[in-house]
Amino acid sequence: MLHSLIRDFLKLRLCTTLQVREKGHLSRPHLRNPSWFLRKERKMRDNLITSENKSFVQEMVHDVYGQPSIIKGVQSYNQKCQTQLVKTEDLEVQPWTPYARRTGVIARKIGQYPLWLKNGEKIRTTLLHVVENYAIKYTPPEEYKPAQRPKMAELNKYGCLLVGAESCDPSILTKEYCNLFKNSGVMPKRHLARFIISPSAAITPGTPLNANHFRVGDYVDVRGKTVDHGFQGVVKRHGFKGMPASHGVTKTHRRPGNIGGGGEKGRVWPGTKLPGHMGNRWRKAKGLRIWRINNKYNVLWVQGSAIPGSTNGLVYIYDTILPLRRHKIAPPFPTALNDPEGCEDVWFEDVHNFKSETITFKPEEQN
């Protein structure tokens, strides 16, 4: 009797551990923020203030923090404000090692654009706009406590860098949220992200992060949230063919069909392809090459057209973790502190530059 119970238990244990096809619960977005998250926007606003006083407050804010990145859909590039906030004298630059982990940047996916190689091959690229990234706060490994317990070997090995993007109006934000930017000396940002970095790659708060943080030819990993399609059936969600449209088929044209008999299991296995919520999941595209960089507008041309996220959506760009595509030579470490002079557009050596001359004619020789 005891042996049969143990055999049934082990059989059930193997079935439940081997039949799970995916871990969807790890990438599902949370429905509400944790209790320790600071509230960003205020509930009560100063609606009784006059328009003249509003414009005066905006002028004072811009004089202190500089122009925001986007004002009513119009982009403004304030390079003078960025160079004033670089604190190179406080930054101790350390040598780069192959196992050092740099910070990433926050960008917006603004569209797709084709490029051509010098051999005539056409490639698809996605344009990622790095919008006003600044280092906000650095937490050393001794003080950083991740939410998920790391391995004991990695404990006190990496620090955390808080990066903000896209300046916004501080008058609509709470006092607690604005205090996060108090020591950095930059305008409060609309979006924040944490990047796990090595202690040698620490950056002084207030240092800008531009597109020249990367180089053409490097490989990056792009993380974004997929397009939210809501509740969808199996035809659109999983690509099922569906039932025939004729021959007596009744009301099962787009149904999944049989999902397996009852028998021993008598339930639906986890991971079975069924109707449900489609999209709105965090996904990462790895090993994408950078073909072109525009340093004036901070735009990256990244390989591929399947980068997760919708147009004008936020994505996070990191150095790739693929072993064969990692950095072979030292990148800008910990970041590029100076803007390249006279290099507005940088192309990869294999990409055809349409701005350069393709056909040259020799002058006719005089008889």
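Reader: Hi! Which residues form the nonpolar patch on the surface?
Author: Hi there! In this predicted model, the patch is formed by Ile 49, Phe 56, Val 57 and Met 60. Together they have about 340 Å² of accessible area.

Reader: Nice. Where does Phe 56 lie?
Author: Phe 56 lies in helix H2, which covers residues 51–65.

Reader: Okay, on to strands. How many bridges join E3 to E4?
Author: Nine bridges join E3 to strand E4, residues 122–130, and the two run antiparallel. You can find one of the facing pairs at Trp 116, which stands opposite Lys 122 in E4.

Reader: And what's in the hairpin of E3 and E4?
Author: There are five residues between the strands. Look for Gly 120 in that hairpin: Gly 120 takes a positive phi near 90°.

Reader: Which sense does the pairing of E3 and E14 have, parallel or antiparallel?
Author: Antiparallel! Strand E3 spans residues 105–116 and strand E14 spans residues 314–319, and four bridges connect them.

Reader: Which residue in E14 is the bridge partner of Arg 108?
Author: That would be Leu 314.

Reader: What about E9, how many bridges join it to E14?
Author: Five bridges join strand E9, residues 219–225, to E14, and these strands run antiparallel.

Reader: Which residue in E14 does Gly 224 stand opposite?
Author: Gly 224 stands opposite Val 315.

Definitions and conventions: Residues numbered from 1 in each chain as written. Predicted model: local features only at pLDDT ≥ 70, side-chain atom pairs only at ≥ 80, totals over all residues. Heavy atoms only, no water. Pairing = 2+ DSSP bridges. Patch = residues over 30% accessible without salt bridge, like charges linked within 9 Å, V, L, I, M, F, W, Y side chains within 5 Å. Areas by Shrake-Rupley, 256 points an atom, 1.4 Å probe, with all protein chains shown as cover. Salt bridge = Lys/Arg side-chain N within 4 Å of Asp/Glu carboxyl O.
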